[in-house]
Amino acid sequence: MSQRPQQDGQPLTQEQRSAVAALGAGQPLIVRTEDAGLRVIGPIRAGDVCLGCHQKERAGDLLGAFVYTLRPLPLEPPAAR
(Lines give C-alpha, C1' and ligand atoms only; values in the text may rest on other atoms or scores of the structure.)
Protein backbone atom coordinates (compact mmCIF):
# COMPACT_ATOMS: atom_id res chain seq x y z
CA MET A 1 0.00 0.00 0.00
CA SER A 2 1.37 3.40 -0.85
CA GLN A 3 1.42 6.02 1.84
CA ARG A 4 -0.88 8.37 -0.06
CA PRO A 5 -2.81 11.14 1.67
CA GLN A 6 -5.97 10.23 3.49
CA GLN A 7 -9.29 10.64 1.75
CA ASP A 8 -9.64 14.13 3.24
CA GLY A 9 -6.43 15.18 1.45
CA GLN A 10 -4.28 15.45 4.56
CA PRO A 11 -0.88 13.73 4.56
CA LEU A 12 -0.43 10.77 6.87
CA THR A 13 1.00 11.53 10.31
CA GLN A 14 4.14 9.79 11.52
CA GLU A 15 1.96 7.56 13.74
CA GLN A 16 -0.19 6.61 10.75
CA ARG A 17 2.85 5.90 8.56
CA SER A 18 4.25 3.68 11.31
CA ALA A 19 0.93 1.82 11.62
CA VAL A 20 0.70 1.27 7.85
CA ALA A 21 4.26 -0.06 7.81
CA ALA A 22 3.53 -2.48 10.67
CA LEU A 23 0.31 -3.71 9.02
CA GLY A 24 2.15 -4.06 5.71
CA ALA A 25 4.76 -6.19 7.47
CA GLY A 26 2.01 -8.57 8.59
CA GLN A 27 1.04 -7.35 12.06
CA PRO A 28 -2.64 -8.38 12.42
CA LEU A 29 -3.75 -5.44 14.62
CA ILE A 30 -2.22 -2.43 16.30
CA VAL A 31 -3.61 -1.58 19.73
CA ARG A 32 -2.54 1.59 21.52
CA THR A 33 -3.60 3.06 24.83
CA GLU A 34 -5.32 6.39 24.29
CA ASP A 35 -6.90 8.61 26.95
CA ALA A 36 -9.27 6.34 28.88
CA GLY A 37 -9.49 3.68 26.20
CA LEU A 38 -7.81 1.92 23.31
CA ARG A 39 -7.22 2.86 19.68
CA VAL A 40 -7.27 -0.16 17.39
CA ILE A 41 -5.93 -0.07 13.83
CA GLY A 42 -6.65 -3.02 11.56
CA PRO A 43 -5.78 -3.86 7.98
CA ILE A 44 -8.06 -3.95 4.97
CA ARG A 45 -6.55 -6.65 2.79
CA ALA A 46 -7.40 -7.57 -0.79
CA GLY A 47 -9.57 -10.63 -1.17
CA ASP A 48 -10.18 -12.47 -4.43
CA VAL A 49 -13.34 -10.43 -5.01
CA CYS A 50 -11.31 -7.17 -4.73
CA LEU A 51 -8.94 -8.07 -7.55
CA GLY A 52 -11.44 -7.22 -10.29
CA CYS A 53 -10.96 -3.52 -9.54
CA HIS A 54 -7.56 -3.63 -7.81
CA GLN A 55 -5.83 -5.32 -10.73
CA LYS A 56 -2.29 -4.39 -9.64
CA GLU A 57 -2.79 -6.07 -6.26
CA ARG A 58 -2.70 -9.70 -5.17
CA ALA A 59 -4.94 -11.45 -2.64
CA GLY A 60 -3.73 -10.54 0.84
CA ASP A 61 -2.11 -7.23 -0.13
CA LEU A 62 -2.79 -4.29 2.16
CA LEU A 63 -5.32 -1.91 0.59
CA GLY A 64 -5.95 0.35 3.56
CA ALA A 65 -6.70 0.40 7.26
CA PHE A 66 -9.58 1.09 9.61
CA VAL A 67 -9.35 2.79 12.99
CA TYR A 68 -11.72 2.56 15.91
CA THR A 69 -11.62 3.61 19.53
CA LEU A 70 -12.82 1.55 22.47
CA ARG A 71 -13.75 3.33 25.69
CA PRO A 72 -15.39 1.79 28.74
CA LEU A 73 -18.93 2.86 29.50
CA PRO A 74 -19.72 4.03 33.03
CA LEU A 75 -21.24 1.34 35.19
CA GLU A 76 -24.96 1.57 35.71
CA PRO A 77 -26.27 1.19 39.26
CA PRO A 78 -27.88 -2.19 39.94
CA ALA A 79 -31.60 -2.32 39.21
CA ALA A 80 -33.91 -2.09 42.25
CA ARG A 81 -35.44 -5.43 43.18
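In the predicted model, arginine 32 and glutamate 15 form a salt bridge in which the closest N and O atoms are 3.0 Å apart. Because arginine 32 belongs to strand 1 (residues 30-34) and glutamate 15 to helix 1, this pair ties together parts that are 17 residues apart in sequence. Both partners are partly exposed, arginine 32 having a relative accessibility of 25% and glutamate 15 one of 41%.

The count of salt bridges comes to three, and glutamate 34 takes part in a further pair with arginine 39, where the closest N and O atoms lie 2.9 Å apart. Arginine 39 is itself partly exposed, with a relative accessible area of 28%. Glutamate 34 also forms a salt bridge with arginine 71, at a closest N to O distance of 3.9 Å; this pair links distant parts of the chain, since glutamate 34 is in strand 1 and arginine 71 in the segment after strand 3 (62-70), 37 residues apart. Through shared partners, Glu34, Arg39 and Arg71 are joined into one network.

The largest nonpolar core is made up of seven residues, namely Ala19, Val20, Ala22, Leu23, Ile30, Ile41 and Leu62. Helix 1 (residues 14-24) gives the most to this core, contributing four residues.

The model contains zero disulfides. The cysteine sulfur closest to that of cysteine 50 is in cysteine 53, and the distance of 8.5 Å is too far for a bond, given that a disulfide requires the two sulfur atoms to be within 2.5 Å. The two cysteines are also described by their accessibility: cysteine 50 counts as partly exposed at 22%, whereas cysteine 53 counts as exposed at 74%.

How values were computed. Residues are numbered from 1 along each chain as its sequence is written. This is a predicted model: local features need pLDDT of at least 70, side-chain atom pairs count only at pLDDT 80 or more; totals for chains, interfaces and linings use all residues. Side-chain values use heavy atoms; hydrogens and water are left out. Buried means under 20% relative accessible area, exposed over 50%, partly exposed in between (1.4 Å probe, protein chains only). A nonpolar core is a set of buried Ala, Val, Leu, Ile, Met, Phe, Trp, Tyr and Cys residues joined through side-chain atoms within 4.5 Å. Helices (H or I, at least four residues) and strands (E, at least two) are DSSP runs, numbered from the N terminus. A salt bridge is a side-chain nitrogen of Lys or Arg within 4 Å of a carboxyl oxygen of Asp or Glu.
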